[in-house]
Amino acid sequence: MYLAQNLRYLREQKGLSQREFSEIFGLSSSAVTMWEREQRKPDIEMIVRLSEYFDVTLDELVLKELKPPLPLYALNIKYLRKKKEITQEDMAVFLGFSGKSSLCAVETGKIGISIENLEKLADFFGVTLDQMVKHDLSKEGV
């Protein structure tokens, strides 16, 4: 079941903290924390309210993983960077990012990356754009 991870994902997509979310529904913030950690589950009435609030079906909220999968390029960037023993700080400088947090956001799929930087990385690591975007390089041993 995906209820806990979907609640967290949907809450974060709305830009809400656990506290803000709990206030909207008249809950304690600890209740939201326990839901997201799978320590407790909301009752069915609350699940219905949550599905309406997030505009998803009950099936989607409970049975389907709503968070999109991590793009292959994000996995590949992290894999290739670590394989070459390059720090996030050094890679961020190479790409012209303001700091390692931007690279971390790319590697975790929170933000995308420009085609220019993707080309830079493909060239730097000696792989094609196709390989960066369409193949799991960790399984190919590149």
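This is a predicted model: local features need pLDDT of at least 70, side-chain atom pairs count only at pLDDT 80 or more; totals for chains, interfaces and linings use all residues.
The chain has an average pLDDT of 94, and 99% of the residues score at least 70. Confidence is highest in helix 4, at 97, and lowest in helix 11, residues 137-140, at a mean of 88.

In soluble globular proteins, nonpolar side chains tend to be buried together. Here the largest nonpolar core has 18 residues, and the members that touch the most others are Ile77, Ile113, Leu121 and Met132. At least two residues of this core come from each of helix 6 (72-83), helix 7 (88-95), helix 8 (100-107) and helix 9 (115-125). There is also a second, separate core of 16 residues, with Leu10, Phe25, Met46 and Phe54 among them.

Take Met132 as an example from the largest core. Beyond its neighbours within four places in sequence, Met132 is in contact with several residues, including Leu72, Ile77, Leu80, Leu118, Leu121 and Leu137. Asn76 is also one of its contacts.

Next, helix 1, residues 3-13. Which residues of helix 1 are buried? They are Leu3, Ala4, Asn6, Leu7, Tyr9, Leu10 and Arg11. The cover over them includes helix 2 (18-25), helix 3 (29-36), helix 4 (44-54) and helix 5 (58-63). Just after helix 1 comes Gly15, with a positive phi of about 75°.

Leaving out residues up to four places away in sequence, Asn6 touches Glu60, Leu61, Lys64, Glu65, Leu66 and Lys67.

Last, the empty space. Rolling a probe the size of a water molecule over the atoms shows where such space is left. The largest pocket holds about 450 Å³. It is lined by 15 residues, and those closest to its centre are Tyr9, Glu12, Lys67, Thr108 and Lys110. By class, that lining is five nonpolar, five polar and five charged residues.

How many cavities of 30 Å³ or more does a search of the whole structure find? It finds one. The largest cavity has about 70 Å³ of space. Its lining has six nonpolar, no polar and three charged residues. Helix 1 gives the most to that lining, with three residues; Leu3, Ala4 and Leu7 are on the list, along with Trp35 and Pro42, among others.

Note on methods: Residues are numbered from 1 along each chain as its sequence is written. Side-chain values use heavy atoms; hydrogens and water are left out. On a 1 Å grid over the protein atoms alone, a cavity is a set of points where a 1.4 Å probe fits but cannot get out, and a pocket is an open set with protein on both sides within 12 Å along at least five of seven lines; lining residues have an atom within 4 Å of a point. Grid points are joined across faces, edges and corners, and a volume is the space filled by probe spheres set on the points. Ala, Val, Leu, Ile, Met, Phe, Trp, Tyr, Cys and Pro count as nonpolar, Asp, Glu, Lys and Arg as charged, and the others, Gly among them, as polar. A nonpolar core is a set of buried Ala, Val, Leu, Ile, Met, Phe, Trp, Tyr and Cys residues joined through side-chain atoms within 4.5 Å. Buried means under 20% relative accessible area, exposed over 50%, partly exposed in between (1.4 Å probe, protein chains only). Helices (H or I, at least four residues) and strands (E, at least two) are DSSP runs, numbered from the N terminus. Contact means heavy atoms within 4.5 Å. pLDDT is the predictor's confidence in each residue, from 0 to 100.
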